Amino acid sequence: MDDRWSRISSTNNQVWWESLSGVGERRFGRSASSKNTVKLYAMTCGWLSADIGMMLGRAEGHIHFPIPAYLIEHPKGCVLFDTGMHPDCQHDPHQRLGEMANMFHVDFRPGEEIKSRLEQLDIDPASIKHVINSHLHFDHTGGNELVPNAKIIIQRREWEAGRIPELMEANGYNATDYDHGHLIQQVEGEYDLFDDGSIVTIPTFGHTPGHQSLRVSLDGGDIILAADACYLRETIEDLHLPKLVYSREEMIESLLTLRRLRSRGARIFYGHDPRFWKQVPQAPLEIK
Ligand SMILES: [Zn+2]
């Protein structure tokens, strides 16, 4: 593992679905459990609508989908996996997103941005020390600015792509989302955040050059936060890829990796699946 540190200069199924229902009974609270374990909470930082072909190539129709962010409570501190959209998207998406705004209808209200979501849990966003970004798209890094003291953990391939104009253009990156002077930790492949196996990045390239998912080991078993390596349940079940993909070959390989993890018992959390999301307990309820 060769971790490079740098500072940027400027600026499976139905059974599982049913098993989720009613599992998040415990309220958020750091003193409520005596066990020294990791806890996972889901937050919804707004919604977007788009042509469903964007998620399932050649499919027709529209899809209204959630923008998830996750809070992981670890004995060594709270960790975020992705930060949703920037609150500017609530008021003037065209100003914030440029041409990208033509592809989406933004449904994002005050109180849904990551800062408010954390405050609703009595967590000061300034106290968050670790943000793991799946990739650099606006609906995953837009809230980074609101978590000012975090170190960003991201795959080296993704971070480098985010600084190369041609790749920024090809992948729809906007440095305004991620260029805020955070400490950046570039990792390669699997990276065990606290060296205890509880929070481990899983490289799932293809959606973008250096996309990563995250394995979170709970008492109830492993959960894979797939992010955009797997938008929807259909993506992994049918290997049905989106219309726009950085590398189809790498994305298929990543989906096969997710299938292997699932076959060993891990539960896959899809990146933007509205039907799946209805079954996911929302913070302050805990995912178990
Ligand atoms: Zn996304």
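1. Two strands are taken to pair if DSSP finds at least two bridges between them. Helices (H or I, at least four residues) and strands (E, at least two) are DSSP runs numbered from the N terminus. In these terms, Glu-73 has Cys-78 in β4 as its bridge partner. The two strands concerned, β3 and β4, pair in the antiparallel sense over five bridges, and they form a hairpin with two residues between them.

2. The basis of the note is as follows. The model is predicted: local features need pLDDT of at least 70, side-chain atom pairs count only at pLDDT 80 or more, and totals for chains, interfaces and linings use all residues. Residues are numbered from 1 along each chain as its sequence is written.

3. Confidence is expressed as pLDDT, the predictor's confidence in each residue, from 0 to 100. The chain has a mean pLDDT of 89, and 88% of its residues reach 70 or more. Over residues 1–27, however, the pLDDT is below 50, although the model gives this stretch 38 contacts beyond near neighbours in sequence; a contact requires C-beta atoms, placed from the backbone, to lie within 7 Å. Residues 29–34 also stay under 50, with two contacts beyond four places in sequence.

4. The chain comprises 11 helices and 13 strands. Of its 288 residues, 44% are buried. A residue is buried if 20 or more other C-beta atoms, placed from the backbone, lie within 10 Å of its own, exposed if 12 or fewer, and partly exposed in between.

5. Strand β4 (residues 77–81) is largely enclosed by the rest of the structure, because four of its five residues are buried. Besides its pairing with β3, β4 runs parallel to strand β6 (residues 130–132), to which three bridges join it. In that pairing, Phe-81 stands opposite Ile-132.

6. How many residues make up the largest nonpolar core? This core has 67 residues, and those touching the most other members are Tyr-70, Ile-72, Leu-80, Phe-81, Leu-225, Ala-226 and Cys-230. Strand β2 (residues 39–51) contributes the largest share, seven residues. A nonpolar core here is a set of buried Ala, Val, Leu, Ile, Met, Phe, Trp, Tyr and Cys residues joined through C-beta atoms within 7 Å. Leu-80 touches Ala-69, Tyr-70, Leu-71, Ile-128, Val-131 and Val-147, leaving aside residues up to four places away in sequence. In soluble globular proteins, nonpolar side chains tend to be buried together.

7. Arg-215 stands opposite Ile-224 in β12.

8. Most residues other than glycine have a negative phi, and most peptide bonds are trans. Arg-58, not a glycine, has a positive phi of about 75 degrees; this residue is in the loop between β2 and β3 (62–74) and is exposed, with 9 other C-beta atoms within 10 Å. Ala-227, likewise not a glycine, has a positive phi of about 50 degrees. Ala-227 lies in strand β12 and counts as buried, with 28 C-beta neighbours inside 10 Å.

9. A cis peptide bond joins Ala-283 and Pro-284, with omega about 10 degrees. Pro-284 belongs to the segment after α11 (274–277).
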